[in-house]
Every structure is written in structure tokens, then in C-alpha cells.
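Here's a quick briefing to read alongside the sequence and the 3D view. Take a look at the picture first, then work through the points by topic.

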Amino acid sequence: MAERVLMKGNEVLGEAAIIAGCRFYFGYPITPQNEVPAYFAARMPKVGGTFIQAESEAAAINMVFGAAAAGARAMTSSSSPGISLKMEGISYLSGAELPAVVVNMMRGGPGLGNIAGAQGDYFQAVKGGGHGDYRCIVLAPASVQELADLTVKAFDLADEYRMVVMILGDGFVGQMSEPVVLPEPTGRTFDKSSWALTGAAGRETHLVASIRLNPEDALEKLNVHLQEKYRAVERREVLFEETQVGDAEYLIAGFGLSARIARSAVTTLRRAGVKAGLFRPITLWPFPSAELRRAAQGKRKVLVVEMNAGQMVEDVRLAVNGSVPVDFLGRLGGITPQVDEIVERVRSYAGA
Amino acid sequence: MPALEEKLVYGRPASLVDRPTHYCPGCGHGIIHKLLAQAIDELGVRERTILIAPVGCSVLAYYYLAVDGIEAAHGRAPAVATGLKRVLPDRVVISYQGDGDLLAIGMGETVHAANRGEKITVVFVNNAIYGMTGGQMAPTTLQAQRTKTSPYGRIPAEAGYPIRACELLNTLEAPYYIERCAVNTVKNTLRAKRAILKALRYQVEGKGYSFVEVLSMCPTGWGVEPREAAAWVGEAMVPWFPLGTLRDRGGEA
Amino acid sequence: MSRGRTEIDRERCKGCALCVGACPEKILALSKDQFNTQGLPFAQCFDPDRCTACQSCAIICPDAAIRVMRLVAVGEG
């Protein structure tokens, strides 16, 4: 029986990355993820890895760019304003098809905001944030255990698809301490010898770049290739969780902490005789659209609960495509929704 | 009269790809690429060199040198170099950058890679202008020099003074070798070649951060013929950006 | 009697004339009525007998368009 340890999310993130074979972390302090660089600063030297506190979040993502180009598993983390600074680098990583793991422990925004956990960066993570037609695989953990497991998975996904995988935590999951079973390494390996920069010894030179000037359709070809890749990811990598959906009349949808609070609301509602269920996307991109549409079929209403002004709700509306009415409950500026609020809203649908 | 034969004494270096470049006639990039290729050949490190190209006229530099290449976002090359060198410490990592890349948008990355003493070589091509985007003011544009964004000349009260990169980095403890040279004359170019060779050799020997600034011509940006541009480097640039070795911990001449 | 010979690749030459300025013997000039396929004039040596194989032209050439040969006694490596 594997050992359970009590660990803080931000620290288990570090340990899971090391378990996954990541030996290069570049970061910068910003609340609420400061424990991440601190953990790596202490742990990396012990495992023969490299930790650099970069001069900025922009510098850090570009160090990841270089390390990834050299074929290494590399990671950076930050929180909302710092992730904004990384957007250029994420676009470049995407265009150059380099694997990388980026962690956002979201905080209240916009602007400097506050240091409370929030979910205001869904659009930034899922719809772009950086320039151009690119996608990141976006993973939304709802517990410290899930954060650990998804971190290990993130490195495999990044290497397999040569993409940025973003772990989108509301700041809480980084701060919470919960019992965890540290994941095992997956043992998957990826051959990067066809593209990694290691010096052109005994082979043609390799080039890592996202610029395509000639011929005039070279950039279109790159984009078509990227889109084909993204379609493959959509077919294969969707993750979600359903709780008591089958016989539910009202479906609540949420990610991360919102979903955890909503799950408590489902329990409370069921005890009161209201048939509620929970649909929790775990991959925010690729979004479980087909699965959500199926889950919502025949329901009276879908309530989307988020810690923002309404971001994932747009993808929910797209998924159900008018077949079921969709309502929204959001708290802003780093405030968490309460179980009671959610319960009351759903009861109001039932006329209670 | 003894029989004579011809011996090739100057040819194309092997690491310089045999293709026409997109650079303007008289552009210093071509000379500096050639010197880099010569140094790479002389040290025998072509197969373990990685070149980081900047954003600027030399954005396609990796087409001209037969080494692994990577494009960096504007100003980020020293950070990219850091990532590469930390993963592959025994490779020769060269960050090749222009004025804006190194001293404007990339100032933070430039100073901090130097401050950390990253064991990389930075080649700074200083032509006192932003060439690729059509000739705007650079951090190294001289006072009274007219550019598209300093049409009345660089006015210090508005735009400050040209930045001396070598002197700036020379305030830091970690850098191992800092030299400024030029490619406007044959004599200066030979000196530049020696500096670039030394900088790369220090990296091969694992000595530390090496920085070579090369004053270079931009005839198109400056609006003059190449020979006039070469003269202007000597007359106008060198007085503000003096040539010479600012630091050489290896202590050689 | 020349001590050297230059080979200037007229297609690679962009007619920048830096070599013309650098040559200490002043024996290089841009072509007057000839142009390469890029439409540019190219450098030529008009008095090869005075070439000393100093390599100034090749050193300053931004396009590596010039090869310099030195005349040496046979066997003198």
C-alpha cells in the first residue's frame, strides 16, 4: 500500500514534476505560488537538476524554450499577472512545437488584483492569451492528489504532442494541504532525436523556429499541421468526471475548486430531494463538449459555477447548443462561492 | 626563376553555408557571420555549436552557419541560451543579437545572463539603428543621428544617450571576457576575428560568460554608400564606443 | 610580377565596394557596364599583376565572395 503524505499543493507539484523526470525549472516569485520555486530551489540540487530564479516571468518562459529545444523536460510556474508575461513565450513554444509544462495558480484580477485564489484566467488559458492560432492542453485539478497525478501526466502529454500543457490551478489547490499518494513515473519515453538541438554531430543541422517566410504558404502549412495535431488531441485526451449525473434533473458544471464546492451542493440538494448532478471537466482544452452535451440531455437546466464573470459557461453553452437552458453563478475578485448559494440557486429552479 | 604554384590563402570557411545572404550590400552582418564561421572551424566545434538568432536583420542567421539553430523572441536570446546551456553544458551556445534585442527589450535578459555568469558567448552587433524595421532609433543611436523615429536627431533631453553595453556589463562581477571591436576596416576586422575566436575558446574551456560587441555598418539604415558607412563607424561611432578589451580574465593579449 | 590572384564570385558579389576601398594597391573596381543576375555591378581586379595576396579584399568582403591565391614556390606548402 503506497504511503500517504500530507503535502501542500504547490510542493506536491514540485515533487510530481521531479517524479516525471523534470530536471529544469525556471521561475519567479509571485503569490500564491511562491512555494513552487522555493521547493525546486531546495530539491533540484539534490536530484542533479537545475533551478534558476529568472529575472522575470518572461525570462523564465524563454529559459524553458531553450531547455525544451535541447530536448529536456522543463517547467515554469506563475500566477495570473506573470502568466500574462509568458504569453509571448507560450505562442513561440506552440509555433516551434516545443514541449513544456506551465503552471498557473490563478489569483484575483484583472491587473494586480489580489492574492486570493480565482478562476479568471480560463479565457487566457483556453482561448489564447498569446497571439496566433495555437492551443495548449489545459488541465484543471480539483484536489492536491489530482494536481500530483496531472502534473506527471502533463509531461507525457507535452512530449507526445510537442505542445504546451498548462496546469490551471485556482490559487487554492496550490495552498491546500491534503493527504497524497505520490504518483509513480509512467515510464513512457519519447524520442526527440529528430528535432532536438544537441549540436549537428553526424547529422543534418536542426532548426527550432516558428518563423516561416518562404514559400508564401509555408506558414499556412505549419498552421494546418498544428490544427491536425490539435484535432488528434481532441479525439484522444479529453478528461472529465461525472457525479450522480444519470438520473439528475439539474446539472451543475464547474472546474477546480468551484466543482468541489458544487459537489457538496449536490450532496445537500440530493438530501433535500432535489436531483442534482455534477459534470466536472478536467481537461478545459480539449473541452469535453460531446460528453457534456450527452450529460445535459434531458436535464431541465445546467448551472455553471465559476470564480469569474462567466468564462467556461461560454463553452458549456456552445456544447449544449441551445438544447438545455444554461444559467451562471459566479463570484469575482477572489471570493469563493458558498455551498448555500449554489443550493439556493438550484432550488429556485425547482420552484422551492 | 623557381616554379610557382597557387596556394589558397583565403577562402569560404567550411561552417559558412554556401548560399547568398539577404543582407544589404556592405552590411556588417556578413563579415561577422564569416568571422564566426572561421572561429567555429578553427576550434573544430561546428558539430556541437548551437546558434541563437535574434529578431532583427539577422533573424535568419541560422541559414548561413552550418550549425544547429534556434529562433528566440525579441530580446530573449540570453534566456534561451541559458536554458540550452544548462541542459547541454558541453555545447557551444552563441547568442547573436542586435541593438534593440540586446539593449532595449532584452536589457533584463542581457544583464542577468551576464550577471549569472552563464557560460555562453554573446555577439552583439551594434549598428546604432534598428535595421530590419526600416531604420528607427536604437539604444545605441548617436546624438544628432537622424533615424525614422528621431527625425531631428537623437535629442538627449527626450531620448537619453547612447548606451555603452560593454561598460554596463563591466560593472558586473561574473563576466569573464568583454571586448569591443569593429568590422569597418581590415585591421579592425582582423582584431574582431581574434576577439570572437577568443570568446568561443573561453566557452570551450568552460571559463565563463564572454561578450563581444562589434561596431557594424548599416548602409541602408544610415542612408549612405557602404564605404561611407565604414568611414562613419570610425569617425562617429568609435569616439563614443571605444574599441578595446574591457575585461579578460584569461589575461591574454 | 604578381604575388597573388583574386577570384571574385560575381554572382555573390553585391557591389558594395568595401573591397575596392580596402585594397592597398587600389587595383579593384566595380564593373562599369556589366551586372550579375541580381542586377548588381560586381568587383573586379583590373591590374592583377600588382596583387600582393594581402587578402584585404577577402577579409572585408561581407559575402565571402572573394578567394585569394598566393603564388608560392613549388613545394613551399
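Predicted model: local features only at pLDDT ≥ 70, side-chain atom pairs only at ≥ 80, totals over all residues.

Two strands count as paired if DSSP finds at least two bridges between them. Helices (H or I, at least four residues) and strands (E, at least two) are DSSP runs, numbered from the N terminus.

Residues are numbered from 1 along each chain as its sequence is written, while chains are lettered from A and ligands numbered from 1 in the order in which they are written.

**Who touches whom**
- Two residues are in contact if their C-beta atoms, placed from the backbone, lie within 7 Å.
- Two pairs of chains are in contact, and chains A and B share the most contacts.
- Chain A and chain C have no contact with each other; their closest C-alpha atoms are 19 Å apart.

**Where A meets B**
- Chain A puts in 32 residues and chain B puts in 28 residues.
- On the chain A side, strand 3 (50-53), helix 3 (57-69), helix 4 (80-96) and strand 9 (207-208) each give two or more residues.
- Helix 3 of chain A gives the most to that side, with eight residues.
- Sorted by class, that side has 20 nonpolar, 10 polar and two charged residues. Nonpolar here covers Ala, Val, Leu, Ile, Met, Phe, Trp, Tyr, Cys and Pro; Asp, Glu, Lys and Arg are charged; the others, Gly among them, are polar.
- Strand 9 of chain A runs parallel to strand 3 (residues 68-71) of chain B, and two bridges join them.

**Where C meets B**
- Here 26 residues of chain C are in contact with 28 residues of chain B.
- Helix 1 (18-22), helix 2 (56-60) and strand 4 (66-73) of chain C each bring at least two residues to the side that touches chain B.
- Strand 4 of chain C gives the most to that side, with seven residues.
- The chain C side splits into 16 nonpolar, four polar and six charged residues.
- Strand 4 of chain C also pairs with strand 1 (residues 4-10) of chain B, antiparallel, over six bridges.
- To spot that pairing, look for Glu5(B), whose bridge partner in strand 4 of chain C is Val72(C).

**The sheet in chain A**
- Chain A has an open sheet of seven strands in the order 3-2-4-5-7-6-13, with mixed pairing.
- Strand 3 and strand 13 (283-285) of chain A are at the edges with a single partner strand each, so one side of each has no neighbour in the sheet.
- Strand 4 (residues 74-78) and strand 5 (residues 100-106) of chain A pair in the parallel sense over four bridges.
- Within that pair, Met75(A) stands opposite Val101(A) of strand 5 of chain A.

**Chain B as a whole**
- Chain B has nine helices and eight strands.
- Along its principal axes, the C-alpha trace of chain B spans about 60 × 50 × 35 Å.
- Of its 253 residues, 60% count as buried, that is, with 20 or more other C-beta atoms within 10 Å of their own, the C-beta atoms being placed from the backbone.
- Among contacts in chain B between residues at least 6 apart in sequence, 68% join residues at least 24 apart.

Terms used: Buried ≥ 20, exposed ≤ 12 C-beta atoms within 10 Å, placed from the backbone.
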